[in-house]
Amino acid sequence: MGKRVLCVMEDPSELSSLQTMLASLSGELELSFVAKAEEALAVLDQSPVDVILSGIHLTGMGGLELLAEVKRRAPHVTRIASSGCAHRVTIVSALEVAHQFIPTPFTAEVLKATIARASALGTRLTDESLRSLIAGIRTLPSLPHLYQELVSAMGSATASADIANRIISQDMAMVSKLLQVVNSAFFGLRRTISSPAHAIALLGIDSVKSLVLSVQVFAQFEGAKRSPLPLEALWKHGLITGTSARDIAKSQDVGSIGVEGAFMAGLLHDIGLLVLATNFPDEYGDVLTGLRDHRLSVCDAERSVFKASHEDVGAYLLGLWGVSDAIVEAVAFHHHPGERGQEGFSSLAAVHVANSLEEASDPLATSGIPTPIDHEYLTACGLAGHLPVWHKAAGHSIVGESVAAPAKA
Ligand SMILES: [Fe+2]
Ligand SMILES: [Fe+2]
């Protein structure tokens with residue numbers, strides 16, 4: 001049997017049309033339906049649930065209150081909010097407690113795709129407490145000077161989409177949160193949005209200002225001070241890898257969407273490191289010791305401590321947040337693309353090569369085993385002949401960024 005999905009919808013006609021619409025999924029999902037938040041909690045207490053889909057407007061305990069309680073009682077459950085009111089403020093409030101928001105009316109395919117995306121790769125995290133911790137993350141820390149720059153730019157009369165894009169595009173935490181908000185707000189679009197410029201254009205500058213100044217969806221650096229990883233260097237590494245992946249994609253015939261997707265995937269590829277190093281500073285210190293003392297690869301050292309790697313953690317978080325499959329795949333397999341198996345060019349191929357070249361060029365790469373380029377994978381994808389051009393493209397972007405001594409991961 002598939003995922004166990006609990007649907008909470010109060011309006012009898014909405015509930016009945018939801019049941020009719022989802023009947024086609026009964027072979028793939030184990031669906032149950034209730035009308036009240038209190039009933040949903042009773043179900044949750046009695047039997048395990050993988051996903052809860054709740055309407056926002058419920059009398060008595062409201063839908064968001066219910067999801068907050070589910071987050072407290074069973075943090076590993078994927079939480080999806082739904083409402084006919086898809087105003088930006090409603091969505092952002094819903095995303096305080098829900099992983100994703102779906103505007104009604106939606107189709108069975110939309111729900112299926114949402115559940116698939118939210119559940120993807122969760123099985124790679126066997127540790128229940130790690131899954132619960134990731135499912136409880138509302139926001140990630142941004143780099144302090146970028147956060148301050150954004151707050152001051154958005155508070156100014158001259159705030160513009162270009163300025164917002166320039167600042168947000170440098171920060172993996174802000175980009176991932178922006179993609180979560182925009183993919184919920186524009187769920188009706190046939191494809192997910194993978195570029196911050198496109199996201200900002202769709203939301204409009206006024207919404208972006210309100211997200212930054214009033215709703216404060218981006219977080220300051222608090223809580224990240226104990227990280228044993230130098231986070232400034234991690235940001236630079238993400239930015240360089242993203243820029244290199246973009247330049248690699250430009251050398252292929254993939255169009256502007258593919259090029260921006262490669263940049264986003266490169267920028268976000270090590271977001272799992274940010275999650276692990278800021279939430280488990282002591283344990284991550286053990287990982288670094290393992291790297292130094294035993295010459296392990298970073299993923300092997302992480303698995304020995306967490307039973308999961310930063311690839312698993314990053315991909316799970318971004319999947320929960322509704323970020324596009326191409327980005328999630330690139331994050332999940334950037335050290336081991338052969339495990340994914342793919343044909344032709346992809347963001348994963350660009351990020352894998354950009355990351356490996358970046359690690360090899362890092363003058364401070366003295367601990368751990370740098371990730372080798374997987375030539376077998378590139379050959380299987382029909383991409384091996386492009387490597388010299390990619391090397392040159394990535395080299396240009398590294399020089400162009402003029403960034404020194406990035407982190408290696
Ligand atoms: Fe990396
Ligand atoms: Fe990595």
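Reader: What makes strand 1 and strand 2 a pair?

Author: Strand 1 (residues 4-8) and strand 2 are joined in the parallel sense over five bridges. Two strands pair if DSSP finds at least two bridges between them, so strand 1 and strand 2, with five bridges, are a pair. One of the bridge partners is Leu31 in strand 2, which faces Val5. Strands here are DSSP runs (E, at least two residues), helices are DSSP runs too (H or I, at least four residues), and both are numbered from the N terminus.

The model is a predicted one, in which local features need pLDDT of at least 70, side-chain atom pairs count only at pLDDT 80 or more, and totals for chains, interfaces and linings use all residues. Residues are numbered from 1 along each chain as its sequence is written, while chains are lettered from A and ligands numbered from 1 in the order in which they are written.

Reader: What is the handedness of the β-α-β unit that strand 1, helix 1 and strand 2 make?

Author: Strand 1, helix 1 (residues 12-22) and strand 2 make a right-handed unit. The word applies if, with the strands pointing away from the viewer, the path from the first strand over the helix to the second runs clockwise.

Reader: Which strands stand at the edges of the sheet, and why?

Author: The open sheet has five strands in the order 2-1-3-4-5, with parallel pairing. Strand 2 (30-34) and strand 5 (100-103) each have a single partner strand, so one side of each lacks a neighbour in the sheet. On average, neighbouring strands are turned by 20° against each other, direction ignored. Within the sheet, strand 3 (residues 51-55) and strand 4 (residues 78-83) also pair in the parallel sense over five bridges, and Gly55 has Ser82 in strand 4 as its bridge partner.

Reader: Is Leu6 buried or exposed, and how do you know?

Author: Leu6, in strand 1, has 22 other C-beta atoms within 10 Å. A residue is buried if 20 or more other C-beta atoms lie within 10 Å of its own, exposed if 12 or fewer, and partly exposed in between, with C-beta atoms placed from the backbone. Leu6 is therefore buried. Leu318, in helix 17 (residues 310-320), is buried as well, with 27 such atoms within 10 Å.

Reader: What is Lys307 called on this scale, and why?

Author: Lys307 has 13 C-beta neighbours inside 10 Å, and therefore counts as partly exposed. Lys307 lies in the loop between helix 16 (298-306) and helix 17. Its phi is near 60°, a positive value in a residue other than glycine.

Reader: Why are the buried residues of helix 11 said to line one face?

Author: In helix 11 (residues 205-213), the residues Ser207, Val208, Leu211 and Val212 are buried. Seen down the helix axis, the buried residues fall within an arc of 135°, so they line one face of helix 11. The arc is that of the directions from the helix axis to the C-beta atoms.

Reader: Why are helix 13 and helix 18 called oblique?

Author: Helix 13 (residues 255-268) and helix 18 (residues 325-333) pack at an angle of about 40°, with their axes 9 Å apart. Axes are lines fitted to C-alpha atoms, for helices over the stretch in contact, and angles run from 0 to 180 degrees between N-to-C directions. Angles under 35 degrees count as roughly parallel, over 145 as roughly antiparallel, 65 to 115 as roughly perpendicular and the rest as oblique. Helix 13 and helix 18 are therefore oblique to each other.
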